[in-house]
Amino acid sequence: MTEPTLPLLHGIDSPAALRQLNQNQLPQLAQELREFLLDSVSQSGGHLSAGLGTVELTIALHYVFDTPEDRLVWDVGHQAYPHKILTGRRDRMMTIRKKGGVSAFPSRDESVYDTFGVGHSSTSIGAALGMAIASALDKSKRHAVAIIGDGGMTGGMAFEAMNHAGALDANLLVVLNDNEMSISPNVGALSNYLARVLSSKFYSSMREGSKHILSRSMPGVWELARRAEEHVKGMVAPGTLFEELGFNYIGPIDGHDLDLLIDTLRNLRELPPGPRFLHVVTKKGKGYLPAEQDPVAYHGVGTFDLSKDHLPKAKPSSPTYTEVFGQWLCDMAVLDDKLLGITPAMREGSGLYNFSQQFPERYFDVGIAEQHAVTLAAGQACEGFHPVVAIYSTFLQRGYDQLIHDVVLQNLSVLFALDRAGLVGPDGPTHAGSFDYSYLRCLPNMVIMAPADENECRQMLYTGFKYQGPASVRYPRGKGPGAEINEQMSEIEIGKAEIKRRGSRIALLAFGSMVAPALHIGEKLDATVVNMRFVKPLDETLVLELARSHDAIVTVEENVIPGGAGAAVNELLIARRIMLPLLNLGLPDFFVEQGSREECLAVCGLDHDGLLKSVTQFLATLPG
């Protein structure tokens, strides 16, 4: 009678405990870890398919390397849930992405095992190289390992770091988690065998010894041998590029074969310091058939029923801002064949799926390369086309130099559709669009629009597209107040605000997502409420008229206060030497941690109760 196997995962509270297991126990641990991940994420929501694909890789890395002394740097962090589970956060995984809970991404404040805070792509190699250099300067034998996905490798930063690393002897290992490439059994078996051989001390010492002897005594023969080696390795592994960058390339290998992973990582760990590159092939969504079949849908999920083979269908409701944009883009493309759509690897997230299907020749996914996305648009605009760059506010930050020099300086007609502006809730501060009013407002030629509702978003997108010059429309994550959308498109007068209600004493100047709550406050306090619409150019005529006819002005925005929309109002009044009480309400001068969007707004005092309290207290300070 076979003895029942005892569960392993609940005895693993740290990688040190993991390293006490026998290697033959690890497949069972992998199964339990995958089951736990599925169970917890189905109840909490979060990133799923990427983590399912890295279960064995995560176990192998922590089993071979002495973490946290050895540094593991995860790129982006979508795939780091198994890492969190194995590093003391298992019992808190149900709180992931919730207020006060486990972060959606690796965070240095959360765990010593999270060696670098991430959330944006393609940073892991540069960060790990910095750690490897520091280790060498400290005369330490610490290892630094960067784990990056094939998507992250499309970012220029990854290659900038590799170009630097290839010229150094830093103790750096880059692990490419490739979950898109498939390997047939025969090629896989051969490449697995070669990976063991090419990563071994025996092969490395033979290679270096032969290099030393031949280069000194018979340089011509050594050059022939070097070229032959590169030719053979190039035939069986797609590593020529990485070899040319100065890395010892190993792979591709099966990222779900624990014994192979452990043997290869051990061999690589024992090699002399220098840049090494391990190419690991995994299956996104591994072990859960619905996620394997549709890894995009299961990339980030809400709660769902594991017993069903599909995610819950969304109930019919008013469209999100993203959906409003996606529909407008398709409608506008029918009217103007010069419209082009660009996304940095966010087709679904930014609402471009239908456009990509209907207008494939006018759709450009540049990969995770925001800088290139912006400059590509600039080049297209130079030739008479009108590109629309669909990008999250937080990601446009990565292409800021290109925005200034390639688009704005040349006054090119590029429309930026800025999604996820303001607070984003569960994804936390790395994904919040807290700064775009500020970093766009200081740029000459730029028009900045902020819709108060879904219909205004559609009309502003049309306005921005018709404008001859750079323009942006920024809108929040999720739904708006539910305004009826007019299919007929019309231009809004640039720089013209809209008075929503006339009141007395105090004027509330609200921008974008803050118009709806400002209207509720205005009704209770009998205040004038203005939908400002434009952050730049500001409706100066109306602001000055209100300043002269009211006792005080309050500005409300879902952007940081420094340099934001309220600051624009302040600057105008100071320049015109108009002195009256002013209150600027917006995002605070600290990074707002994760939670629901409603919880985050409450933390910032931008929910209904917080706004009412702030404005009421301000009114109490006014004379009379």
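The model is predicted: local features need pLDDT of at least 70, side-chain atom pairs count only at pLDDT 80 or more, and totals for chains, interfaces and linings use all residues. Residues are numbered from 1 along each chain as its sequence is written, and side-chain values use heavy atoms, with hydrogens and water left out.

- Helices (H or I, at least four residues) and strands (E, at least two) are DSSP runs, numbered from the N terminus.
- Strand β18 (residues 552-560) has nine of its nine residues buried, so it is largely enclosed by the rest of the structure; buried means under 20% relative accessible area, exposed over 50%, and partly exposed in between (1.4 Å probe, protein chains only).
- Strand β15 (residues 506-510) pairs with β18 in the parallel sense over five bridges, where pairing requires at least two DSSP bridges between two strands.
- Ala-510 stands opposite Val-556 in β18.
- Strand β19 (residues 582-587) also runs parallel to β18, joined to it by five bridges, and Leu-583 in β19 is the bridge partner of Val-554.
- From β18 the chain crosses through helix α23 (residues 565-575) to β19 in a right-handed β-α-β crossover; with the strands pointing away from the viewer, the path from the first strand over the helix to the second then runs clockwise.

**Aromatic pairs**

- The whole structure holds 16 aromatic pairs, counted when ring centres of Phe, Tyr and Trp (its six-membered ring) lie within 6.5 Å; planes under 30 degrees apart are stacked, over 60 edge-to-face and the rest tilted.
- Among them, Tyr-249 and Phe-277 are stacked, at 5.8 Å centre to centre and 20° between the planes.
- Tyr-249 lies in strand β5 (residues 248-254) and Phe-277 in strand β6 (residues 276-281), so the pair ties together parts 28 residues apart in sequence.
- Both Tyr-249 and Phe-277 are buried.
- Tyr-321, Phe-325, Trp-328, Phe-465 and Tyr-475 are linked into a cluster by ring pairs.

**Charges over rings**

- Lys-338 lies over the face of Phe-385, 4.2 Å from the ring centre; the criterion is NZ of Lys or CZ of Arg within 6 Å of the ring centre and within 35 degrees of the ring normal.
- Arg-474 lies over the face of Tyr-437, 3.9 Å from the ring centre.

**Annotated residues**

- The unreviewed UniProt entry carries the annotation "binding site" for Asp-150 and Asn-179.
- These residues span 30 residues in sequence, yet no two of their C-alpha atoms are more than 7.0 Å apart, so they gather at one spot.
- Asp-150 sits in the loop between β3 (144-149) and α7 (156-165) and is partly exposed at 22% relative accessibility.
- Asn-179 sits in the loop between β4 (172-178) and α8 (185-198) and is buried, with a relative accessible area of 18%.

Notes. UniProt positions are given in the numbering used here, feature names are shortened, and annotations may be inferred rather than shown by experiment.
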